[in-house]
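Subject: Structure handover

Hi,

Here is the structure I promised to pass on. Have a look at it first, then read on for my notes.

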Amino acid sequence: MSHLTEQRYPTVAEVVAAARSMAAGRPDVSRLRQVGTSRGGRPIHLLSVGGAGPAVLVVAGAHANEPTGGSTVLRLAELTLRDASLRADTAWHFLLCADPDGARLHRTPAPRSLWEYHRHFFRPAGPEQPEWAPSVLPPDRLPPETRTLTAVIDEVRPYLQVSLHGTDLGGSWVQLTRDVPGLVEPFVKSAAELHIPVEAGPSDAAGWPASGPGVHVMPPPGSHPVFPSMPDDVRLSTWHRAHRYGGLTAVVEVPMWASELVGDPAPHPAPGRELHRLSLRLRADARVVEEFLREAAPRLPRSDGALLRAARWALGLVPGLADDWSGPPPRNAGAAYVGSVDAFGRRVPLRAAAMLLRVLRGLDDRAAPRLEQVVAHWCEAFAERFRARWVPVEHQVEHQTRTVLAAARHARAVRSR
């Protein structure tokens, strides 16, 4: 693919430049325009291909630390420009990056290890994430990135919105706001061909109905959440905005590093006991980061920047999550689900530590070398525990691309019935 090398993710500027070149080359069927501005004054761009027919909206960059989507929207745009049949009766819209401010802060174009990925890690606090903000904030406090995204949804009225997400380490899965019959088979086939494990029990979809391996449907309103402490309600997120127009949303997750452990379909011999152990480890790891934060507090800036806000927010999730995991496990909690929770439990304090480390390094703080040792050790232990295997960027992109096209095809078939 012309816009990426095998192990490099393009920057937002590179994605926009490639999209501008595409639109200039085919002005008869494509258009690039600015549809919004971030809090930091950065433009948010929409590339549209085709014109007639129901719309598909593909959103990249909703989470700053999940970089595959930028390459995937370019790949999809190339395909829809080259293949007239794809745009014959479908209008394709590609939001190139939903959070350009976050993408500027998360700088890992070519990570060679989990440690390198976390050296420049950033993921905003929940209320600052474009898709999740409506689930935790009142309408009058929504960030401009969220208002831009909802305005685009209201304008194009997609029958399918696809949000391109990813995980640092694990497998691939899809979350749907409504079921899309027929999606399971092409999704599983693509993952197998590209040697990407399918997550058998992702913690993000704990307790949700599954239409098949790796394809999970969000529960209806009123359902009891498996993790009651989590502050967001996905039904209030921008994912459900498409329902106003008879549409649905598919969230396509793909890993940077794969682990076969998350695809293990075997039952777990004692899930409750193991989840309790993981909750204790989560609390202990969070205390390590909190101690660094307390020690450095007198030397920190009076006003929290984005990195520090995000680190504090992540640490604030820990007590509730640990309580959730100490309760009865979800029904049919197998080895894959326990493995997913294990990864989640490592991920939260590691991310908080990594972002705090960036703050301390920027201040040349005396605690930075010691915290760096902790972050490096946690990254190494994470990779070793899950036998991490790098997934080439081209495979990540190809899997997301195939899944988007399959979702568009099958969701369209459901719409036509």
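Below is what turned up, grouped by topic.

Some ground rules before the details. This is a predicted model, where local features need pLDDT of at least 70, side-chain atom pairs count only at pLDDT 80 or more, and totals for chains, interfaces and linings use all residues. Residues are numbered from 1 along each chain as its sequence is written, and side-chain values use heavy atoms, with hydrogens and water left out.

**Strand β6**

Buried means under 20% relative accessible area, exposed means over 50%, and partly exposed is in between, with a 1.4 Å probe and protein chains only.

β6 has two neighbours to look at (strands pair if DSSP finds at least two bridges between them). With β9 (residues 248-258) it runs antiparallel, joined by four bridges, and V174 has V252 as its bridge partner there. With β8 (residues 215-217) the pairing is parallel, over three bridges, and V174 stands opposite V215.

**Helices**

α2 covers residues 68-82, and its 15 residues reach 22 Å from first C-alpha to last, close to the 21 Å expected at 1.5 Å a residue. That expected span is 1.5 Å times one less than the number of residues. Of the 15 residues in α2, 14 are buried, so the helix is largely enclosed by the rest of the structure.

α9 (residues 271-296) contains R277, which is partly exposed at 40% relative accessibility. R277 and A322 are 45 residues apart in sequence, with their C-alpha atoms 9.6 Å apart in space.

How does α9 pack with α12 (residues 368-385)? The angle is about 160° and the axes are 11 Å apart; axes are lines fitted to C-alpha atoms, for helices over the stretch in contact, and angles run from 0 to 180 degrees between N-to-C directions. α9 and α12 are therefore roughly antiparallel, the word for angles over 145 degrees.

**Salt bridges**

The whole structure has 26 salt bridges, each being a side-chain nitrogen of Lys or Arg within 4 Å of a carboxyl oxygen of Asp or Glu.

- R39 and E145 form one, with the closest N and O atoms 3.2 Å apart. R39 sits in the loop between β1 and β2 and E145 in α7, 106 residues apart. R39 is partly exposed at 42%, whereas E145 is buried at 2%.
- E66 and R123 meet at 3.0 Å, N to O. E66 is in the loop between β3 and α2, R123 in the loop between α5 and α6, and they are 57 residues apart. Both are buried.
- D89 and R412 have their closest N and O atoms 3.6 Å apart. D89 lies in the loop between α3 and β4 and R412 in α13, so the pair ties together parts 323 residues apart in sequence. D89 is partly exposed at 41%, while R412 is buried at 19%.

There is also a network: salt bridges that share partners join R281, D342, R346 and R385.

Cheers

Conventions: Angles under 35 degrees count as roughly parallel, over 145 as roughly antiparallel, 65 to 115 as roughly perpendicular and the rest as oblique.
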